[in-house]
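Me: I would like a close look at one part of this model. Please take the place where the two chains meet.

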Number of protein chains: 2
Amino acid sequence: MRIERAMLADLARGAGFLGSGGGGDPYYSLLLAEAALKRRGPVELIPLSSLVDDALVVPCGWIGAPTVSVEKLPNGREAVAGLRRLETILGRRIDAVLPIEIGGGNGLAPFVAAADMGVPVVDCDGMGRAFPESQMAIFNIRGLSACPSVVTASCGALTVIETDDNLAHERIARSLSVALGGIAHMVEYPLSGAQARAHAIAGSVSAAIATGAAIREARAARQDPFEALAEALRATGLYPHCKTLFDGKIVDLERETRGGFSVGNVIIDGFGGQGRMEIEFQNENLIARQDGRIRAMVPDLITIMDRETADTITTERLKYGQRVKVVAAAAPAMLREESALRFVGPRAFRLGTDFIALENLDTAETK
Amino acid sequence: MRIERAMLADLARGAGFLGSGGGGDPYYSLLLAEAALKRRGPVELIPLSSLVDDALVVPCGWIGAPTVSVEKLPNGREAVAGLRRLETILGRRIDAVLPIEIGGGNGLAPFVAAADMGVPVVDCDGMGRAFPESQMAIFNIRGLSACPSVVTASCGALTVIETDDNLAHERIARSLSVALGGIAHMVEYPLSGAQARAHAIAGSVSAAIATGAAIREARAARQDPFEALAEALRATGLYPHCKTLFDGKIVDLERETRGGFSVGNVIIDGFGGQGRMEIEFQNENLIARQDGRIRAMVPDLITIMDRETADTITTERLKYGQRVKVVAAAAPAMLREESALRFVGPRAFRLGTDFIALENLDTAETK
């Protein structure tokens, strides 16, 4: 599929939802990607299944606190600088790039590099949504190495990381993102085509585009964008369940930038006597409780959206008084496997509960 | 000069003094260097003036908090791993190594790599003592780039840093040292032979050996080791003034590991009604005040030593009740130039005073 500049806004809208509140506000990433495609022309989006075994494909994305990303702007060359260095290290050209996470601005990040380098983007990603930490990528869950990885910053600094330990890699990269001002670009988990085919989450880029388009079309047709969103998500096959959990007004918000993350919680007062919903986040929304009862939890998606426009409100954009709907969606099946829940389930975030799937939660006993 | 294993203890003793309390306790570095020379034989110490213009010579040393270095032991391969990677990056072999700082354990660090790689150590260093931060090296003062640099850790993690900004380089390397557990090895400021000849502090390794030998010999002959130390330092030509500032007992000590440094201050009660001396440190001793009057300050050396043996007590080894002498020495002339004081003078450490040389302080009005 040829991605024209005009399609990027749909991608941004869909990736915003899939970010579960994180992955960075898509706005600046959209501007950068639009500028890149204007400069270089359309980018090819190729199916994951089309990769040959020995292709070199590389995930791209930003690491850091989204609260910083909206204030400290990129220079636009970070991704290419990192990818070119990786080519030098590996002694070969990169055949294609992909988003390390489809969610938020990171869903658009590889399009800048793809346009500038003249390579395609693979229709897949490493998280099926957005997660706050590098080792939460499916590639770590499946035992692949994050390294060599390359971290680049808007000041021009470049660092290469090599370690066999993907948790140490996250710790090192996180501290670099802090030292570099709170946000940096990283290329990591360089993959062979065979590895990508076996482990990446297929179809997530086109799923984001379809989801974003559905919201846009529903708005234009004066239909309910939330219904259109749910239908589009189900149609992707990747996100089989979706429901609107809550409808209300933000009445309290605690948020701080700590340890390289944006962490906190938000409280929403329901309209029509629905009670209250509290959502905890670490870059991404992690768990939603309604009057103490869990309604959704990681790795399932929880996204807070403007209740009129269905625009996603990322965690760094939350404000007192916003009128919102909270929408949850089932995570892709690969993230709900036992081996994945070790890294991306509620206990990985110290939430004190086992994972219960969104579609089972309303009948399950939880508190 | 051929450095035999038996000479390393003198080097450790002398480097201990030149560390001004920092550079890491020489004990473990001595064990590692002795083991390396036992394994591989003696190491050549070559004069700085013997380097050909296009030689590649590389400073080595540990970065981090000395308080951590005495608890988290190296695996012994950190320096070689970093140097080998630098060779790959630069596409050529390293001709010789040198200590980034002669002070403390870092004065011995390059001997491990030199023995294992079969290259000589150059009789020079980058600080003429020890300083807590990377940009305090003479190579930064003289406008050379720290990068590419390679940080390696005992866990096997390796990171390459590239930036034109040596202050950013220090910030990045410091945060890496923290992420890697508080201490890491770094090769930085790769130099041509011509650059090393123009800017390195010549003769500091042999000065450390001579100083350490003088203390040992004085002890064996039951002479005053402090007099022997002062005489040996003056004889080097590098450290033209030396005096014992104070003699007393440690009665108070505040020390914490913060931001990747060991910081604090120590109070010494004088014997024979001398009053009190307070010394502030950031890895290294920075300023010594006797009853409020400044007696010595960076970049001049201030070292706290056991009052009987003249063994250096590095800042992380200070303890309540130790009976000590405080010895100060004039820094090498290159460190007292105006351009150097910007980076290593008292204002670089926010000490609120201009630099006054040790030999002028007792007559100057200070408080």
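In which sense do S7(A) and strand S7 of chain B pair, and over how many bridges? Please go on from there to the rest of the interface.

Reply: Keep in mind that the model is predicted. Start with the strands. S7(A) and S7(B), the latter spanning residues 158-162, pair in the antiparallel sense. The pairing runs over 5 bridges. Within it, Val160(A) stands opposite Val160(B).

Next, the contact count. On chain A, 15 residues are in contact with chain B, and chain B gives 15 residues in return. The area buried between the two chains is about 1300 Å². Carbon and sulfur atoms give 55% of that area. On the chain A side, three residues stand out: Glu162(A), Ile172(A) and Ala179(A). Together they supply 36% of what chain A buries against chain B, more than any other three residues.

Now the polar part. Between chain A and chain B there are 8 residue pairs in polar contact, with both residues at pLDDT 80 or more. Salt bridges between the chains number 2. One of them joins Glu162(B) to Arg85(A). Their closest N and O atoms are 2.3 Å apart.

Which elements of chain A carry this side?

Methods
Residues numbered from 1 in each chain as written. Chains lettered and ligands numbered in written order. Predicted model: local features only at pLDDT ≥ 70, side-chain atom pairs only at ≥ 80, totals over all residues. Heavy atoms only, no water. Contact = heavy atoms within 4.5 Å. Buried area = accessible area lost by both parts, 1.4 Å probe. Salt bridge = Lys/Arg side-chain N within 4 Å of Asp/Glu carboxyl O. Polar contact = N/O pair within 3.5 Å; in protein donor to acceptor, adjacent residues only side chain to side chain. Pairing = 2+ DSSP bridges. Helix = DSSP H or I, 4+ residues; strand = E, 2+ residues; numbered from the N terminus.
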